[in-house]
Amino acid sequence: MDVSNLIAERAVRNPLFRLLAALLRRIDAWAFDALDARARAQGWQVRRPAPLIRVYRNPDFDTLTRCLACAGEGVTARGHCHACLGSGRVRS
Ligand SMILES: [Zn+2]
């Protein structure tokens, strides 16, 4: 179970707030359902920190670590780092 997509919802008693919350959920679904499905199909992580906000992350970035030759800066005293090609990151 992916707990990052669970959104705690409080019981709202005010009918106007309930209506607005339902409207917000529908707009959120309309705006993001297709994008979320496409991101998940590509293996990306999808986080929903709040309604109408998404954070997409490619887990391939987990395979990168800081380049030891340049300490993650991408450059050395001699110029462009050849170990990481200037990115500061290498595959672990
Ligand atoms: Zn480097």
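**A walk along the chain**

Modeller: Happy to. Going along the sequence, the order of elements is α-β-β-β-β-β-β. Keep in mind that this is a predicted model.

Colleague: Okay, and how many helices and strands does the chain have?

Modeller: The chain has 1 helix and 6 strands.

Colleague: What about domains, which ones does the assignment give?

Modeller: The domain assignment of the chain lists domain 1, covering 3-57, and domain 2, covering 60-92. Their C-alpha centres are 36 Å apart.

Colleague: What does the C-alpha trace span along its principal axes?

Modeller: About 65 × 25 × 25 Å. The radius of gyration of the chain is 21 Å, while a compact globule of 92 residues would have one near 12 Å.

Colleague: And how much of the chain is buried?

Modeller: Buried residues are 4% of the 92 residues. As for contacts in the chain with a separation of 6 or more, 23% of them are between residues 24 or more positions apart.

Colleague: Let's turn to the helix. How many residues does helix 1 have, and how far does it reach?

Modeller: Helix 1 has 27 residues, and from its first C-alpha to its last it reaches 37 Å. That is close to the 39 Å expected at 1.5 Å a residue.

Colleague: Where is helix 1 kinked?

Modeller: The kink is centred on Phe32 and amounts to about 45°.

Colleague: How far is Leu24 from Val55?

Modeller: They are 31 residues apart in sequence, and 18 Å apart in space from C-alpha to C-alpha.

Colleague: What about the stretch ahead of the helix, where does Ala11 lie?

Modeller: Ala11 is in the segment before helix 1 (15-41). Ala11 counts as exposed because it has 5 C-beta neighbours inside 10 Å. Ala11 and Val46 are separated by 35 residues in sequence and by 25 Å in space, C-alpha to C-alpha.

Colleague: On to the strands, then. How do strand 1 and strand 2 run, and how many bridges join them?

Modeller: Strand 1 (residues 45-50) and strand 2 run antiparallel, joined by 4 bridges. Val46 sits opposite Tyr56 in strand 2, and Arg47 has Val55 of strand 2 as its bridge partner.

Colleague: What do these two strands form together?

Modeller: A hairpin, with 2 residues between the strands. Leu52, in the turn, has a positive phi of about 65°.

Colleague: Are those strands covered or in the open?

Modeller: Strand 1 lies largely in the open, because 0 of its 6 residues are buried. Strand 2 (residues 53-57) is hardly covered, and the count of buried residues among its 5 is 0.

Colleague: You mentioned a positive phi in Leu52. Why point that out?

Modeller: Because most residues other than glycine have a negative phi. Ala71 is another residue to look at: it is not a glycine, yet its phi is positive, about 60°. Leu85, also a residue other than glycine, has a positive phi near 60°.

Colleague: Where do I find Ala71 and Leu85?

Modeller: Ala71 is in the loop between strand 3 (64-66) and strand 4 (75-76). Leu85 is in the loop between strand 5 (79-80) and strand 6 (89-91).

Colleague: Is Ala71 buried or exposed? And what about Leu85?

Modeller: Ala71 is exposed, because 12 other C-beta atoms lie within 10 Å. Leu85 is exposed too, with 12 other C-beta atoms within 10 Å.

Note on methods. Residues are numbered from 1 along each chain as its sequence is written. This is a predicted model: local features need pLDDT of at least 70, side-chain atom pairs count only at pLDDT 80 or more; totals for chains, interfaces and linings use all residues. Domain bounds come from an automatic or database domain assignment. A residue is buried if 20 or more other C-beta atoms lie within 10 Å of its own, exposed if 12 or fewer, and partly exposed in between; C-beta atoms are placed from the backbone. The radius of gyration is taken over C-alpha atoms; the globule rule is 2.2 Å times the number of residues to the power 0.38. Two residues are in contact if their C-beta atoms, placed from the backbone, lie within 7 Å. Two strands pair if DSSP finds at least two bridges between them. The expected span of a helix is 1.5 Å times one less than its number of residues. The bend at a residue is the angle between axes fitted to the seven residues ending there and the seven starting there.
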